[in-house]
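Trainee: Please take one part of this structure and go through it closely. I would like to see how that part sits within the whole chain.

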Amino acid sequence: MCALPWSTSPGATVSKRAQVKEGVDLSEEDLALIHAQSRSPLTAEEIYPFAVRLCDNRVDRDGERFPRQTLEELAPLFVGKCGIFDHRWSAREQVARIYRTEVVDEEGTAEGGEGRCYLKGYAYMMRTESNRDLIAEIEGGIKREVSVGCSVARRVCSICGADLEDRSRCTHVKGEEYHGQRCWAELLQATDAYEWSFVAVPAQERAGVIKGLSPTLKDLVQSHPECRSELERLEEEAARGRRYLSSLREEVARLGGMAEPGLRQKTLRSIVERLGEEELTALKRLYEARVEEAYGIRCTGGESLRAVEGFTVENGASAWTAVETFVHRCNGVEPWFDRQGVLHLDGWRSGTERTLSGKLPLISAVWREKRYGVLSEVLVRDRMGTVSQTVRNESFLARGGRCRQVLTLPGTRGYEAMRYSGA
């Protein structure tokens with residue numbers, strides 16, 4: 001099994017494992033097609049025909065898939081292409097040639113929703129002494145794995161429909177799942193077919209990629225180990241970018257659900273998965289404005305509010321407590337709501353004089369001063385010595401404050417008394 005190289009320009013190479021199929025009974029039409037490939041007429045006795053399953057439209061181990069349209073585009077391109085060994089492009093390695101192809105339907109449904117099908121190639125080789133052992137190995141099932149080499153113009157993400165190599169628009173990874181949907185590459189717009197080769201069964205997932213035609217970055221690192229740290233840095237940056245885009249998509253989908261309540265969440269996620277970073281950012285701003293208009297609080301003032309270094313609120317504090325504390329600390333005012341529900345962040349400053357007169361449309365006025373934890377009087381009693389002492393907060397009492405506390409010492413003295421009373 002193999003995968004596309006990084007290049008997605010026309011001519012980017014694809015290699016895929018295929019399989020030698022059963023023998024073929026030659027018809028007059030087959031002989032005519034073979035004669036079109038040979039330089040002189042051949043008899044059926046001189047030819048050994050067989051069929052190969054070149055590629056199908058199912059997702060393979062590389063996380064890639066040929067749609068039916070691409071298979072139909074490849075069909076005429078493989079006619080006349082030779083079969084070789086291990087992708088060694090040498091005239092000495094040519095052992096067979098394809099003279100006819102067709103797309104064959106199968107039962108079942110492939111990924112993407114289309115019916116299963118595969119590209120079948122009809123090949124022939126000469127019954128010569130040098131090919132006798134190869135024919136015997138094909139008949140005996142020894143030689144049955146082949147790897148096909150072709151090129152396509154595009155690799156498209158099955159999730160968002162963008163080019164998989166354009167990381168500014170697509171951050172999905174083949175083989176990963178996104179909201180229950182597996183990502184694979186759709187191989188589109190076949191441009192050429194090179195050859196098909198007899199190979200051993202690949203032991204590694206990327207075995208069979210035609211090296212040197214369009215190498216990947218990892219291939220280059222193999223020959224230039226000094227570039228490994230740079231590749232690792234690029235991979236780390238790419239991973240961070242994918243995580244950022246993933247979180248951005250989640251946020252846009254969340255805001256979209258609030259701004260467009262009639263839009264199903266599944267539809268929203270399908271939309272955001274197809275957008276790039278710039279489009280997601282613009283959509284996020286739009287949804288934020290709509291959410292604020294629909295659910296937000298209108299406010300006035302606050303232009304002079306400034307950042308306060310080290311400002312924190314306790315865990316569990318309400319949103320109002322956070323706003324009230326912040327506004328009071330940085331602007332010295334108390335925020336308040338009017339009867340229209342507008343939040344005012346430019347309230348009366350401490351020390352500001354206001355005159356209440358008949359011209360002011362005021363229904364009632366109440367003086368409040370928030371002073372939590374202030375005691376007007378503390379009485380301390382010692383039961384053992386029948387002694388008591390009172391401490392009064394005269395200034396607080398003069399202003400009408402009332403908060404009396406009685407402390408009773410336990411029935412002991414010395415250290416124990418101080419420990420219990422906190423003295």
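Mentor: In this predicted model, 67% of the contacts in the protein with a separation of 6 or more are between residues 24 or more positions apart. The protein has 10 helices and 16 strands, and 35% of its 423 residues count as buried. Its accessible surface comes to about 26,000 Å², with 50% belonging to carbon and sulfur atoms.

The part to look at is helix H2, residues 68-78. Its buried residues, each under 20% relative accessible area, are Thr70, Leu71, Leu74, Ala75 and Phe78. Seen down the axis of H2, these buried residues fall within an arc of 155°, so they line one face of the helix. What does that face pack against?

Just after H2, Gly80 takes a positive phi of about 90°.

Elsewhere in the chain, an open sheet of three strands has the order E15-E14-E16, and its pairing is mixed. Strand E15 (387-392) and strand E16 (404-409) stand at the edges with a single partner strand each, so one side of each has no neighbour in the sheet. From one strand to the next, the twist averages 15°. Strand E14 (residues 377-382) pairs with E15 in the antiparallel sense over six bridges, and Leu379 stands opposite Thr390 in E15.

Definitions and conventions. Residues are numbered from 1 along each chain as its sequence is written. This is a predicted model: local features need pLDDT of at least 70, side-chain atom pairs count only at pLDDT 80 or more; totals for chains, interfaces and linings use all residues. Side-chain values use heavy atoms; hydrogens and water are left out. Buried means under 20% relative accessible area, exposed over 50%, partly exposed in between (1.4 Å probe, protein chains only). Helices (H or I, at least four residues) and strands (E, at least two) are DSSP runs, numbered from the N terminus. The arc is that of the directions from the helix axis to the C-beta atoms. Contact means heavy atoms within 4.5 Å. Accessible areas come from the Shrake-Rupley method with a 1.4 Å probe; for residues, only the protein chains shown count as cover. Two strands pair if DSSP finds at least two bridges between them. Axes are lines fitted to C-alpha atoms, for helices over the stretch in contact, and angles run from 0 to 180 degrees between N-to-C directions.
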